[in-house]
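Colleague: Could you walk me through reading helix packing, a pocket and a strand pairing?

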Amino acid sequence: MTAPTTPYTPDLGDRDPLAAIRDTLQSMPDLTRDWTTDRFERSYAPGKWSASQVFTHLAQTELALGYRARMAVSTPAYVAQPFDQDIWIALDVRLGGREALETFLAIARMNLAFFEGLSATDRAAALSHPEYGELTVDWILHQMAGHHIHHLRQLERV
């Protein structure tokens, strides 16, 4: 199966997406093990999200993309609903940095187990998206893996 091209393909490169996700699920807790509450409120660059907001965004994205993948596998002709990440981030402002990290890790582990159990046919299941067009579950998997790496690099700069 040829790897799909996603907006995060430059971050993932030619890595196996499942292995990349396993790595980031280990790297993020290692990175933040000794972080204080104040550290979670720091940003990786002026005018950008804080680390806490990045983890909230990662958790929200895991929810959305995991749902899309499950729907694509179980629902013929599934059409994904887009969401505005900036509106979503404002919905969970009360979630602290450590809690956002733990939420992300829990949902990402659940998604990883789901993806690891998929057959090639399941990964080829199609869905459509109003902005991205025709996609597959494999596209979602590659998108998620690259997205993890993209944000891990930001968090390493905090």
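The dialogue below takes these topics in turn.

Modeller: Ground rules: this is a predicted model, where local features need pLDDT of at least 70, side-chain atom pairs count only at pLDDT 80 or more, and totals for chains, interfaces and linings use all residues. Residues are numbered from 1 along each chain as its sequence is written, and side-chain values use heavy atoms, without hydrogens or water.

Colleague: At what angle do helix 4 and helix 8 pack?

Modeller: Axes are lines fitted to C-alpha atoms, for helices over the stretch in contact, and angles run from 0 to 180 degrees between N-to-C directions. Helices are DSSP runs of H or I, at least four residues, and strands are runs of E, at least two, numbered from the N terminus. Here helix 4 (residues 51-74) meets helix 8 (residues 137-156) at about 175 degrees, with axes 10 Å apart. Angles over 145 count as roughly antiparallel, so that is what helix 4 and helix 8 are to each other.

Colleague: Which residues are closest to the centre of the largest pocket?

Modeller: On a 1 Å grid over the protein atoms alone, a pocket is an open set of points where a 1.4 Å probe fits, with protein on both sides within 12 Å along at least five of seven lines; lining residues have an atom within 4 Å of a point. Of 14 lining residues, Arg-68, Phe-83, Gln-85, Tyr-132 and Gln-143 are the closest to the centre. Helix 4 gives the largest share of the lining, 4 residues.

Colleague: In which sense do strand 1 and strand 2 pair?

Modeller: Pairing needs at least two DSSP bridges. Strand 1 (residues 126-129) and strand 2 (residues 133-136) are antiparallel over 4 bridges, and a hairpin joins them through 3 residues.

Note on methods:
Parallel < 35°, antiparallel > 145°, perpendicular 65-115°, else oblique.
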